[in-house]
Amino acid sequence: MSTTIKDLDTDQLVRLRVTVLRDGSVRNVTVERSSGHRQVDQAAIAMVNGTGGSPRSGPA
């Protein structure tokens, strides 16, 4: 039986530092405060990296 993130004994809270460029693309994602579980931290990073960025900011 494999373990999933939901099975881990953690509150699953991760604080990330994210650099977003002016064009909305994500440049860098790092863990600022770990959940205590590598799987949870890596899943949070993957989720942010998989968003495709955010809308362009600033004047057009």
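Two strands are said to pair if DSSP finds at least two bridges between them, and the elements named in these legends are DSSP runs numbered from the N terminus, with helices being H or I runs of at least four residues and strands being E runs of at least two. The model shown is predicted, so local features need pLDDT of at least 70 and side-chain atom pairs count only at pLDDT 80 or more, whereas totals for chains, interfaces and linings use all residues. Residues are numbered from 1 along each chain as its sequence is written, and side-chain values use heavy atoms, with hydrogens and water left out.

View 1. Strand β1, residues 15-20, pairs with strand β2, residues 26-33, in the antiparallel sense through six bridges.

View 2. S35 is found in the loop that links β2 to α1, the helix of residues 38-49. S35 counts as buried because its relative accessibility is 13%, where buried means under 20% relative accessible area, exposed over 50% and partly exposed in between, with a 1.4 Å probe and protein chains only. The side chain of S35 reaches the backbone nitrogen of H37 at 3.1 Å, and the S35 side chain also makes a polar contact of 2.9 Å with the side chain of D41. A polar contact is a pair of N or O atoms within 3.5 Å; within protein, one must be able to donate a hydrogen and the other to accept it, and residues adjacent in sequence count only if both atoms are side-chain atoms.

**View 3. The two sides of helix α1.** The buried residues in α1 are V40, D41, A44 and I45. Seen down the axis of α1, these buried residues fall within an arc of 135°, so they line one face of the helix; the arc is that of the directions from the helix axis to the C-beta atoms. The buried residues of α1 pack against β1 and β2, with contact meaning heavy atoms within 4.5 Å, whereas R38 and M47, on the other side of α1, are exposed.

**View 4. The protein chain as a whole.** Read along the sequence, the protein chain follows the pattern β-β-α. Of its 60 residues, 17% are buried.
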